[in-house]
Amino acid sequence: MTAQDHELGAPGTAGQGGAEEQGTGSVPHGRPGAADGTSSAAPSPSTSSPSGPSPSADDGVEDALALVGRQPARPADGQDSRAPGQDRPSAARHRATPWEKARSIASRAGSATALRTHREPLDASLGRVLATPLTAFTDLPSFDTSAMDGWAVAGPGPWTVAPGDSGILAGHGEPEPLADGTAVRIATGARVPPGATAVIRSEHSRTDGSGHLHAQRQVSHGQDIRPRGQECRSGDQLLPAGALVTPAVLGLAAAAGYDELHTVVRPRVEVLVLGDELLTEGLPHDGLIRDALGPMIGPWLRALGADVIATHRVGDDAEALQRAVTASDADLVVTTGGTAAGPVDHVHPMLSKAGAELLVDGVAVRPGHPMLLARLAPGRHLVGLPGNPLAAVSGLLTLAEPLLRQRSGQATPAPYRASLRDEVHGHPYDTRLVPVVHRGDSVVPLHYHGPAMLRGVAAADGLAVVPPGGSGAGEVLEVLDLPWLPTSEGCFT
Ligand SMILES: Nc1nc2c(c(=O)[nH]1)N[C@H]1C(S)=C(S)[C@@H](COP(=O)(O)OP(=O)(O)OC[C@H]3O[C@@H](n4cnc5c(N)ncnc54)[C@H](O)[C@@H]3O)O[C@H]1N2
Ligand code: MOO
């Protein structure tokens with residue numbers, strides 16, 4: 001946490017669940033014991049501490065999820081509420097790119113490169129993005145089809161049934177024409193014979209002893225016949241380029257005559273996990289902690305449409321980092337940790353040595369403000385995620401997601417908005433990303449949203465975008481959905 005951060009205290013928010021952990025200066029200036037970003041204050045009566053469930057939780061689920069209690073929001077008059085003597089934001093703060101702008105810079109960086117495309121068999125295309133529109137190769141249905149098991153009839157009844165007729169089954173060539181006043185048995189999916197005017201369901205009909213079929217309900221013209229081209233005509237656009245290939249799209253493509261799909265090649269991404277303090281197994285001990293990002297970032301990037309070629313652990317070794325970045329031929333390198341200005345924070349010096357162009361160097365968002373985006377070479381980028389785990393998630397959603405969306409050809413959905421059930425306090429100047437769950441028509445903010453915590457986001461449906469100053473109950477906010485839709489082959493959204 002920087003000196004500037006402490007100068008940005010938001011009076012009235014200290015001591016609330018998770019607030020101290022924001023690194024936002026939500027700790028008042030000079031508060032003893034809070035300078036390292038850890039909590040030193042007792043929870044306020046209406047909230048809980050980040051390490052315990054909310055006392056106001058109203059059911060077991062909410063208890064487990066530890067929903068955020070009400071918190072003081074922005075100053076009532078909307079004015080700067082810093083105490084006299086507290087400094088204005090520093091020059092460093094002004095360098096931080098506003099959150100929206102950071103996302104659009106990342107999006108532009110991703111769209112600067114032409115998409116690579118390929119054709120693959122249907123079963124290999126799940127989770128890819130269509131490079132060209134899906135256009136029907138055939139009418140659907142491709143022939144007039146019976147929608148029910150029963151009788152094809154021609155003209156008004158009763159109808160004569162040809163004796164010994166075995167009927168028309170699905171999967172056969174064009175049947176004989178049906179003469180007016182006659183009926184023939186027909187199966188669901190079978191071709192309707194020329195001349196047929198309706199299909200009567202077997203349960204709505206009876207045959208008499210003299211070989212005649214009678215309808216037990218009124219028969220309307222064309223009933224239970226799916227006419228050729230009802231769903232689409234050959235050449236119709238079924239889906240636009242940019243659509244995600246879901247299982248339903250595979251089914252539609254197959255029905256429309258496709259054996260393979262023209263899709264965008266996934267951007268290749270390499271993950272470099274920095275930090276000597278990280279263990280890959282067992283329990284934390286002697287100041288060492290488990291690597292939470294190695295297991296999380298690769299799958300998350302895959303869910304965003306990336307082909308993650310490797311996750312390497314490079315420790316806090318500046319040379320190893322330099323070698324790894326220089327040797328990588330990935331479209332995107334994602335580093336974790338080492339973005340700040342500590343003695344072993346090697347990302348900035350490495351980028352400078354590599355002659356990279358910093359497109360975003362710090363974002364006005366909490367958590368995650370030290371995140372960065374750099375251009376290593378034309379069409380090759382690096383996203384530097386902060387080491388604090390929720391700050392890294394914030395970097396994924398702010399920088400990696402828009403860049404990968406463009407690089408993988410995905411259409412940009414309209415922002416999704418939802419009403420906040422409870423008030424959320426804000427950072428005075430920066431956007432906050434707060435884990436939320438859906439409850440009815442609202443989203444409910446979760447506790448355990450400190451930068452070093454994953455407990456909130458692991459239970460969340462999305463992250464609410466809380467503007468500087470905070471949001472009151474009932475306010476409608478943008479919510480960044482989490483891209484979870486696991487299949488046995490991994491996420492495909
Ligand atoms: N002088 C300053 N210090 C810090 C600033 C600042 O602006 N100036 N920002 C603070 C904020 S906010 C964040 S976030 C962190 C970002 O730090 P780094 O990106 O350099 O990350 P590290 O220092 O390597 O690690 C930070 C924290 O996260 C833990 N960590 C790192 N990697 C992992 C991992 N794979 N799994 C679990 N935990 C991880 C690490 O042990 C540290 O506790 O900097 C602040 N400081
Ligand atoms: O708080 Mo930092 O904002 O942990 O990224």
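The following questions and answers concern the predicted model shown above.

Residues are numbered from 1 along each chain as its sequence is written, and chains are lettered from A and ligands numbered from 1 in the order in which they are written. Local features of this predicted model need pLDDT of at least 70, side-chain atom pairs count only at pLDDT 80 or more, and totals for chains, interfaces and linings use all residues, while side-chain values use heavy atoms, with hydrogens and water left out.

User: What percentage of the residues of the protein chain count as buried?
Analyst: Buried means under 20% relative accessible area, exposed over 50%, and partly exposed in between (1.4 Å probe, protein chains only). The protein chain has 493 residues, and the share that counts as buried is 49%.

User: Which residues of helix α5 are buried, and on the same side or on opposite sides of α5?
Analyst: Helix α5 spans residues 247–255, and its buried residues are Val-249, Leu-250 and Ala-253. They cover an arc of only 105° around the axis (taken from the directions from the helix axis to the C-beta atoms).

User: Why is strand β13 largely enclosed by the rest of the structure?
Analyst: The buried residues of α5 pack against β3, β12 and β13. Strand β13 covers residues 260–264. It is largely enclosed because the number of its 5 residues that are buried is 4.

User: Which residue in β13 stands opposite Arg-119?
Analyst: Two strands pair if DSSP finds at least two bridges between them. Strand β2 (residues 117–121) runs antiparallel to β13 and is joined to it by 5 bridges. Opposite Arg-119 stands His-262.

User: Which are the edge strands of the open sheet of 6 strands?
Analyst: The order of this sheet is β8-β5-β7-β6-β10-β9, with mixed pairing. Each edge strand pairs on one side only, and these strands are β8 (198–201) and β9 (205–207).

Definitions and conventions: Helices (H or I, at least four residues) and strands (E, at least two) are DSSP runs, numbered from the N terminus. Contact means heavy atoms within 4.5 Å.
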